[in-house]
Amino acid sequence: MASVLTPGQRGPAVAGGLIALFLIFFLAVPMVQVVVVAFQDPNTGALTLINFVDFFRTSLFQESFINSFYVAAMSVVLSSFFALPLAYFTTRFNFGGALLIQTLGIIPLIMPPFVGAVAMALLFGTNGSVNLLLDEWFGFTIPFMEGLNGVIFVESIHYFPFILINLSAALNNIDRAMEESAQNLGASGTRLFRRIVFPLAMPGYVAGAALVFIKVFDDLGTPLLLNINNMLAPQAYLRITSIGISDPMGYVISVILVAFSLLSLWVSLLALRGKDYATVQKGGGGLVRRDLRNWEKNGCYAVVILILLLVLSPHLGLLLLSFGTIWSFSVLPDGYTIGHYVTVFSEASGYITNTLLYAGLAALFDVIIGTGIAYVVWRTGLPGRKWLDYGATAALAVPGVVIGIGYLRTYHGFNVPIVDQPLASWWVIIVVALTIRRLPYALRACVAALQQVSVTLEEAAENLGATKGRSVWRIVVPLMSGGILAGFVTSFATASVELSATLMLVAVDSDAPLAYGIYEFMQSAAGRGPGAALGVIGVVFVGLGTYISHRIIERGRVTRESTAIVAEGAFA
Amino acid sequence: MKNILFATLVAMSLALAPFQAQAAKGTLTIVTSYPKDTTGTFKAAFEKKYPNVKVEMLKKKTTAGIKYLQETAGNNTADMFWASAPDAFEVLKGDDLLIKYQVKVKGIPEKVGAFPINDPDGYYKGFAASGYGIMWNTRYLKAKKLPAPAEWSDLKNPVYHGHVGMSAPSRSGTTHLTVETLLQGEGWEKGWAEWKAIAGNFKTVTERSFGVPDGVNSGQFGVGIVIDFFGLSSQASGFPVEYRYPTVTTLVPANIALVKNGPNPEAAGAFIEFLLSPEGQELLLDPKIRRLPVNPATYAKAPADFPNPFKDSSIGSAVKFDLALSKGRYNVVNSLFDVMITYRLDDLRDATKAIHDAEAAMAGKPNDKAADLIAQAKALINQVPVDAATASKKEFNAIFKKKRKKAATKVEGRQAEIEQEWDTMVKDNYARAKSLAEQAKSIL
Amino acid sequence: MTSTDTTAAGVDIENLNVSFGDTHVLKGANLSIEPGEFFAFLGPSGSGKSTLLRAIAGFGPTPTGRILIGGEEVAHLPPWKRNVGMVFQSYALWPHMTVRRNVAFGLEERKLPKREIARRVDISLEMVGLVDLAERRPAQLSGGQQQRIALARTLVVEPRVLLLDEPLSNLDANLRIQMRRELRELQQKLQLTTIFVTHDQEEANTTSDRMAVLNDGIIQQVGTPMELYDNPANLFVATFLGTANVLTGVVEDTDNGAQFGSSNCAPIPLDTEERGPRSLVFRPQNIAIAPANAPVASDRVRIDGTVSHTEFLGSIIRYGVSVGADTALVDDQHRRGAPVFAIGDEVSLFLQQDQITMLKD
């Protein structure tokens with residue numbers, strides 16, 4: 001194998017090998033440890049596919065499958081309704097506060113577990129604020145949160161930022177000349193949008209939509225909290241975690257979830273193949289931002305504010321909950337207090353520092369590994385390199401609870417030297433779980449960033465005597481910094497509210513992160529306020545981080561853009 | 001440069017790393033399903049009494065706690081398991097994950113209500129009692145003009161349709177006890193009929209047991225079937241809710257046990273002794289904890305309105321709870337409840353609504369044909385796919401367990417297969433019941 | 001930096017093959033470039049000239065065959081161990097570094113003392129006349145300035161060979177002419193072996209000592225610019241270097257000696273020993289144009305045709321003359337008052353036998 005490598009490929013080959021080992025040990029092996037049950041005869045333990053036959057024969061599972069599919073598809077539709085106007089207005093028009101809108105639009109991704117759902121229920125539930133008001137004023141209520149529609153509603157609010165982020169990026173990358181030449185040939189208005197702008201932004205949209213579809217399809221938290229059982233993910237979870245019952249169907253469903261998610265990823269990649277226009281274009285500064293007439297501007301603002309109000313309502317509810325005394329069957333809390341924050345800071349500051357540490361380290365590892373994978377896949381001809389990408393992306397489709405149980409099963413018997421305790425109950429395992437779970441996000445950001453760094457910049461460094469490693473370190477990484485930062489923030493933000501894997505892995509209370517702390521508070525009636533306060537603190541931390549990094553990226557874009565303009569002449 | 005950076009990073013992360021006691025003598029790790037209010041109070045009091053011991057409370061939902069102990073058994077780091085449901089302890093006992101402990105403290109009786117306080121085999125000990133009951137949101141009931149319920153049978157009343165919440169027995173050990181209590185009290189067929197009549201009024205079956213008080217507290221539904229301390233502590237936290245014990249209820253001890261091969265058995269023993277000592281028992285009276293002490297003497301210090309099961313014979317003595325019977329059909333009951341109620345709640349609710357409507361239409365104008373149709377509909381709903389004898393059969397139960405003790409136990413069929421058969425029957429019955437009730441209404 | 005610092009090294013390419021997957025882009029190249037020579041790779045896009053250059057620098061797929069620089073086999077060395085300087089078409093200046101940091105990069109990688117780096121960077125920036133811009137970022141420079149910085153950045157490390165990948169293609173016409181002169185002067189001063197990739201034959205002609213014409217992954221011909229122009233080895237070279245008229249036919253024996261026959265025109269008697277299918281290649285400026293049926297001298301060949309178009313280019317008039325189905329281009333010196341042919345005029349074209357290149361393919 002080494003003989004076919006060129007001298008320049010040895011470093012990347014070592015890095016790729018290490019990453020592959022990491023993925024094998026912390027993704028593949030634990031997952032196989034868990035899902036192998038799916039392939040065993042429950043009575044004899046022999047390998048069999050009978051469980052899958054059972055799955056497809058069981059009407060409850062058939063229904064669950066259809067429900068999951070329906071919810072995921074409809075969530076993509078509803079998310080698009082939220083994301084399209086925000087993305088389009090902020091990239092296409094001169095719009096005050098575009099940066100703020102973009103940042104606020106990402107906040108919904110950071111929905112702390114449990115408290116987010118409680119806040120939603122208090123606002124939109126059968127007897128939530130909105131319905132209480134509707135009932136009082138008009139004598140009717142709207143079942144926002146009932147049944148599958150409730151799941152669609154909550155999921156769309158939660159995950160639409162994936163479409164917003166990807167679509168905005170795609171719109172920003174459209175070469176100005178593309179639009180201008182279309183105008184020059186007589187296209188304008190909606191025709192221009194339909195025939196030029198939208199097709200060019202399509203890859204971004206599809207990438208975001210695929211992400212939404214997969215996340216919703218796999219999501220466990222929302223259906224569970226709305227007590228919807230007849231979907232696949234909750235069925236898997238309920239069957240895996242029930243007392244005493246060790247029904248293999250839970251694992252069968254997990255396997256089917258993973259397989260179906262990979263299938264959707266693959267389909268979306270197929271749909272995108274040969275359509276990644278970003279690399280064909282020069283990324284010249286995005287669309288021309290048009291000035292809006294006054295009435296247009298007001299209209300746009302109205303739409304934007306309405307959408308933001310809707311998608312940020314869980315967080316508004318959370319804020320109210322954290323300051324409210326008692327909030328029960330009423331439009332607003334009975335009174336307000338800062339007591340919950342006092343409780344949190346005096347009792348629970350450990351959760352916050354742990355979260356910053358875990359999510360920070362996980363995000364750091366994610367961007368390091370993500371950059372490594374991106375480099376190996378896109379800049380080397382190493383055999384099998386694509387599998388690193390597939391492997392890391394597959395983590396997207398593995399339910400957190402499967403990872404959690406897999407780690408316990410695989411690594412509890414392994415004592416870490418020096419600290420002398422089982423790897424599965426050492427706090428580092430939580431970081432590893434978060435790293436694996438958030439790697440797909442960071443990876444996509446790193447790949448996008450790498451694709452924008454011209455390969456000749458790296459060759460120039462090598463030509464001047466810098467080794468592969470040195471040129472990556474001095475040239476490629478600094479030029480990728482904007483995208484790496486974006487990946488870091490996405491990983492960090494979502495890792496800081498992750499619960500499903502950590503719930504299984506926290507071995508001592510003093511190691512617990514924020515999401516776990518919220519979970520703990522939310523197990524008692526008196527803990528709802530402090531839980532919400534903890535949630536608000538988490539959101540504020542992550543939101544600030546996101547905003548700051550947006551600023552940094554935006555600044556980086558300005559310098560890069562001026563380069564791009566010069567380079568434009570260069571490539572003419 | 002890179003090396004320095006990396007070293008700094010490692011140093012930083014080590015400096016920030018959470019404090020690790022590294023299983024040194026003096027750390028006591030307890031896996032528990034109890035809320036922070038309970039664990040925090042006991043931790044503080046215990047650490048005050050034993051300053052050299054540091055208590056680590058590892059919060060896991062009961063089901064997750066079992067899974068955790070099972071998965072980590074090979075290299076155990078937990079000392080104790082502390083939770084409510086005796087069934088959870090039975091599962092752990094069955095998996096040989098607990099060790100026996102001999103309590104030194106005196107003054108704890110054999111039984112509370114009809115239920116023995118301690119495991120007859122000596123593995124787990126009761127430290128407090130809990131009873132199941134009904135909690136409701138007063139604002140909700142007032143707004144919807146509903147009466148406050150008193151008995152389980154009240155919840156069958158059509159006025160409560162869509163207003164009741166409960167957790168599933170497969171999700172919550174204490175819920176399982178409630179379900180089992182009614183099944184034992186009323187008998188297999190009638191007990192299930194009662195449950196289905198109540199479940200027909202369900203708004204939801206929550207995934208977590210705390211989901212029920214949470215839903216009542218926030219007003220998502222008005223009435224919840226909950227364990228007493230959920231209701232009492234919600235009330236104590238200021239929510240507009242009330243709680244009561246119905247006549248037919250059971251008092252069950254909340255338990256604690258030593259985990260096999262725990263790293264610190266001395267501290268674990270000390271913790272049990274502390275829990276059962278008068279000062280430990282007294283902590284249970286704290287309004288945020290609100291559990292019934294198992295030491296009768298402690299009630300002398302309780303507030304006036306505090307229920308005392310040792311004096312008030314109405315609490316928890318109506319049913320003789322047969323633990324062996326419960327254990328013998330544990331998984332079958334859970335699975336049946338999920339198949340008949342949790343997963344088919346919509347169908348059951350629709351059918352129940354149709355029957356309510358038909359009965360309302362029939363009120364005041366008797367009609368034999370309609371009454372017959374309604375009776376048929378009810379019978380369809382009440383049909384249980386498995387009879388009591390089968391439910392307790394060892395071979396049948398084995399289908400629902402992964403681990404089988406003896407290879408000789410003959411197992412036929414797979415859980416998924418059986419559940420599919422049940423589901424087909426249940427779904428079909430509910431649909432037919434609905435159409436029969438609608439037919440009854442149409443002829444009135 | 002002085003010329004004595006640089007030891008000029010020759011470059012030898014032996015049977016070099018490069019493939020991108022299934023696409024064979026460089027097919028068995030053999031080449032020998034002398035130390036201190038200014039050598040051009042000339043060819044259309046896709047001809048493999050950049051691939052060959054990049055292979056010398058160590059970029060692209062692993063080639064088979066040998067590359068020797070100064071007699072040392074380098075094919076197995078990574079790019080950073082070859083010490084060949086390359087200036088990229090896009091200049092590849094690092095946007096996140098100042099001009100000074102860009103130029104200092106190679107010296108920093110060689111771990112030179114800081115003061116030595118500063119000194120050499122200054123000399124290098126002076127050489128390209130941009131000392132004043134040292135603290136700017138690449139984005140703040142014009143195209144020409146960027147190119148000089150790219151050159152300074154490469155030369156400061158004193159490479160054994162300088163590789164230039166279409167370095168002038170991004171400059172406007174005036175600057176391009178100026179820069180190519182400067183490049184040539186610099187190369188002469190440094191006596192640095194330089195390989196220059198271009199698709200522009202004028203650039204290649206004016207700068208290089210020798211050049212190789214590439215097409216379809218194959219080196220077609222190597223020689224001085226004039227050799228190649230006057231004696232192209234094949235039709236591709238003939239037509240790629242300047243304008244050429246091509247007549248295709250067969251040289252046969254007749255009673256009057258050799259005669260070139262083509263379906264497009266009357267037979268042309270030729271003074272040659274060769275026989276068989278041949279193409280006749282001749283340049284427009286070597287043809288004299290006269291009214292039809294003008295007498296023909298013995299050392300000349302006459303071709304009859306009809307004027308099909310004319311272009312007045314100032315110093316010359318370019319006629320298109322239909323010869324059968326072919327069109328020959330004829331450049332006629334223009335003098336004030338001289339008679340001009342009109343479209344449709346019958347004309348005779350004369351050219352000397354020694355101005356005709358006869359090609360086999």
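In chain C of this predicted model, β11(C) and β12(C) form a hairpin with two residues between them. The two strands (DSSP runs of E, at least two residues, numbered from the N terminus) pair in the antiparallel sense over five bridges, where pairing requires that DSSP finds at least two bridges. Here Val250(C) has Gly261(C) of β12(C) as its bridge partner. On β11 (residues 245–254) there is also an antiparallel pairing with β14 (residues 276–282) of chain C, over seven bridges, and Asn245(C) is bridged to Phe282(C).

Turning to chain B, the secondary structure comprises 18 helices and 13 strands, helices being DSSP runs of H or I of at least four residues. Of its 444 residues, 52% are buried (20 or more other C-beta atoms within 10 Å of the residue's own, with C-beta atoms placed from the backbone). Chain B meets chain A through 72 of its residues, in contact with 62 of chain A; contact means C-beta atoms within 7 Å. Helix α3 (residues 62–71) of chain B gives the most to this side, with seven residues.

Ala437(B) is among the residues with the most contacts inside the largest nonpolar core, which has 398 residues (buried Ala, Val, Leu, Ile, Met, Phe, Trp, Tyr and Cys joined through C-beta atoms within 7 Å). Beyond neighbours within four places in sequence, the contacts of Ala437(B) include Ala351(B), Ile355(B) and Ile374(B).

Residues are numbered from 1 along each chain as its sequence is written, and chains are lettered from A in the order in which they are written. Local features need pLDDT of at least 70 and side-chain atom pairs count only at pLDDT 80 or more, whereas totals for chains, interfaces and linings use all residues.

Conventions. A residue is buried if 20 or more other C-beta atoms lie within 10 Å of its own, exposed if 12 or fewer, and partly exposed in between; C-beta atoms are placed from the backbone. Two residues are in contact if their C-beta atoms, placed from the backbone, lie within 7 Å.
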